[in-house]
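Hi everyone, thanks for coming. Please take a look at the sequence and the model on the screen, and then I'll walk you through a few places in it.

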Amino acid sequence: MELTIRGLVFSKFNSIGDFATAIGWQRNKASRIVNMKQEPSKKDMEDMIATLDIPKAYVAPIFFGSMFTE
């Protein structure tokens, strides 16, 4: 099973708008990041980890994909 930012957002929120409100971003920024049109900054990743309650063990696979498994 591959964990994705999009999957985590929709497992916790009803919409990207709800996620954007919770994390304190504009909806368009949240949409670009969730839909992989924009890479998150380090601060964005920290905010997503806190807002989505991502366990430390899943941070690298979610944000960096197979970079560390190949």
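I'll begin with how to read the model, then go to the core, and finish with the salt bridges.

This is a predicted model, so to speak of local features we need pLDDT of at least 70, and side-chain atom pairs count only at pLDDT 80 or more, while totals for chains, interfaces and linings use all residues. Residues are numbered from 1 along each chain as its sequence is written, and side-chain values use heavy atoms, with hydrogens and water left out.

Let's start with F63. You'll find F63 in helix α5, residues 56–64; helices here are DSSP runs of H or I with at least four residues, numbered from the N terminus. Is F63 buried or exposed? F63 counts as buried because its relative accessibility is 14%; buried means under 20% relative accessible area, exposed over 50%, and partly exposed in between, with a 1.4 Å probe and protein chains only.

Which residues does F63 touch? Leaving out residues up to four places away in sequence, they are I5, P40, M45, M48, I49 and I54, where contact means heavy atoms within 4.5 Å.

F63 also belongs to the largest nonpolar core, which has 19 residues. Such a core is a set of buried Ala, Val, Leu, Ile, Met, Phe, Trp, Tyr and Cys residues joined through side-chain atoms within 4.5 Å. Among the residues with the most contacts inside this core are F19, W25, L52 and F63. Helices α1 (5–12), α2 (16–23), α3 (27–34), α4 (42–52) and α5 each give two or more residues to this core, and α2 provides the largest share, with 4 residues. As for L52, its contacts beyond four places in sequence are L8, V9, K12, F13 and F19.

Now for the charges. How many salt bridges does the structure hold? There are 3, each a side-chain nitrogen of Lys or Arg within 4 Å of a carboxyl oxygen of Asp or Glu.

One joins D44 and K29, with the closest N and O atoms 2.8 Å apart. D44 lies in helix α4 and K29 in helix α3, so this pair ties together parts that are 15 residues apart in sequence. D44 counts as buried, at 6% relative accessibility.

Another links K42 and E46, at 2.7 Å between the closest N and O atoms. K42 is exposed, at 61%, whereas E46 is partly exposed, at 39%. Finally, K43 and D47 meet at 2.8 Å, N to O; both lie in helix α4, about one turn apart.
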